[in-house]
Amino acid sequence: MSKLKTLSNGQLIPVLGYGTWQNTDPQECIDGVKTALETGYRHIDTAQMYGNEELVGEGIRLSHVPRKDIFLTSKLDNPNHGYERAKKAIDDSLERLGTDYMDLFLIHWPEVEGHMEDWQESNIETWRALEEAYEAGKIKAIGLSNFKTKHLKNLLANCRIKPMVNQLRLHPGIAQKETVAMSREAGMVIQAWSPLSPLSQMLDDEAVVSMTEKYQKSLAQLLLRYSLQKDFIPLTKSVHKDRIKENAAIFDFKIDEEDMAYFDQWEWEGELFN
Ligand SMILES: NC(=O)c1ccc[n+]([C@@H]2O[C@H](COP(=O)([O-])OP(=O)(O)OC[C@H]3O[C@@H](n4cnc5c(N)ncnc54)[C@H](OP(=O)(O)O)[C@@H]3O)[C@@H](O)[C@H]2O)c1
């Protein structure tokens with residue numbers, strides 16, 4: 001399996017990303033990003049909403065991995081929807097991250113406070129700011145996050161530049177099949193957030209326990225590999241060095257069809273994003 005995918009505009013994106021949601025403890029966040037890069041991750045995911053862009057930038061600098069070798073994503077915070085606000089927010093992200101470009105920038109959520117009634121227009125206007133920043137070279141690729149079919153239809157019918165990515169909550173039990181299919185049909189690559197969500201619910205599942213023995217891999221590694229084999233780009237986060245390393249060791253085995261099918265039919269006990 002290749003460790004890179006190609007976005008619709010030709011940009012390469014590493015197929016495993018290190019996430020930084022809830023990494024708000026300054027030292028933990030800086031160390032996490034630095035450790036991930038030193039371990040070999042080349043894809044870092046943050047967001048304005050996480051309040052840690054400066055820390056992520058610092059972790060990148062301290063790692064001494066050249067900026068050009070890193071795929072860096074951030075996302076627009078909900079209060080920054082609208083053309084003018086989004087334009088300024090992109091520049092603010094660049095400043096906080098301490099970089100003159102981002103590899104990917106996403107609209108984090110499609111329906112946000114203040115725009116619950118006019119989300120259609122608001123998303124179109126916001127997207128215009130992303131298109132301009134893309135053309136100005138401030139962002140190498142632009143995309144969406146948590147956009148479902150109705151949001152996609154609206155944006156796809158009204159954009160000049162098509163989104164290149166949709167970042168969605170995806171793991172066994174949450175498949176979002178229609179959204180994934182529509183996104184792919186429109187040329188988007190799919191990123192999967194919170195791919196390890198089933199960890200606690202699966203711990204005592206006999207079939208899954210026997211899979212850990214069969215593949216000699218941890219449950220976390222199975223869940224990340226499952227995501228890769230669904231052709232998603234899993235984003236995963238840990239602040240622990242051993243787990244950061246463990247989560248990257250998913251390229252040396254393959255889950256067979258029968259076990260993939262078991263994960264596919266496994267039922268999630270929680271909110272359904274489908
Ligand atoms: N677009 C969106 O709306 C959205 C929403 C949520 C997240 N995201 C992005 O997606 C990323 C991934 O989601 P997530 O942060 O929920 O990550 P995740 O990788 O699904 O789960 C992380 C949780 O699992 C634990 N963990 C990590 N590796 C482990 C292992 N090998 N064994 C046992 N436990 C392990 C972590 O704890 P420790 O840190 O203590 O190890 C943490 O509590 C986020 O960080 C963020 O960048 C995007």
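Contact here means heavy atoms within 4.5 Å. All the views below come from a predicted model.

View 1. From α4, residues W119, Q120, N123, I124 and W127 meet K150, H151, N154 and L155 of α5. Sorted by class, this contact holds four nonpolar, four polar and one charged residues.

**View 2. Here is how α4 (residues 119-135) and α5 (residues 149-156) pack.** Their axes sit 9 Å apart, at an angle of about 55°. Angles from 65 to 115 degrees would count as roughly perpendicular and those under 35 as roughly parallel, so α4 ends up oblique to α5. The crossing of α4 past α5 is right-handed.

**View 3. This is the largest nonpolar core, with 73 residues.** The members that touch the most others are L7, I44, V56, W127, L144, I255 and F263. Another core lies apart from it, made of six residues, including L168, L170, I190 and F232.

**View 4. Zoom in on F263 and its contacts.** Skip the neighbours within four places in sequence, and F263 is in contact with P172, G173, M202, V208, M211, L222, L223, Y226 and I255.

**View 5. D205 sits in the loop between α7 (199-202) and α8 (206-215).** Its relative accessibility is 15%, and buried means under 20%, so D205 counts as buried. Leaving out residues up to four places away in sequence, D205 touches Y262 and W266. P163 is 42 residues from D205 in sequence, and the two are 38 Å apart in space, C-alpha to C-alpha.

Technical notes
Residues are numbered from 1 along each chain as its sequence is written. This is a predicted model: local features need pLDDT of at least 70, side-chain atom pairs count only at pLDDT 80 or more; totals for chains, interfaces and linings use all residues. Side-chain values use heavy atoms; hydrogens and water are left out. A nonpolar core is a set of buried Ala, Val, Leu, Ile, Met, Phe, Trp, Tyr and Cys residues joined through side-chain atoms within 4.5 Å. Buried means under 20% relative accessible area, exposed over 50%, partly exposed in between (1.4 Å probe, protein chains only). Axes are lines fitted to C-alpha atoms, for helices over the stretch in contact, and angles run from 0 to 180 degrees between N-to-C directions. Helices (H or I, at least four residues) and strands (E, at least two) are DSSP runs, numbered from the N terminus. Angles under 35 degrees count as roughly parallel, over 145 as roughly antiparallel, 65 to 115 as roughly perpendicular and the rest as oblique. A crossing is left-handed if the near helix is turned anticlockwise from the far one by less than a right angle, and right-handed if clockwise. Ala, Val, Leu, Ile, Met, Phe, Trp, Tyr, Cys and Pro count as nonpolar, Asp, Glu, Lys and Arg as charged, and the others, Gly among them, as polar.
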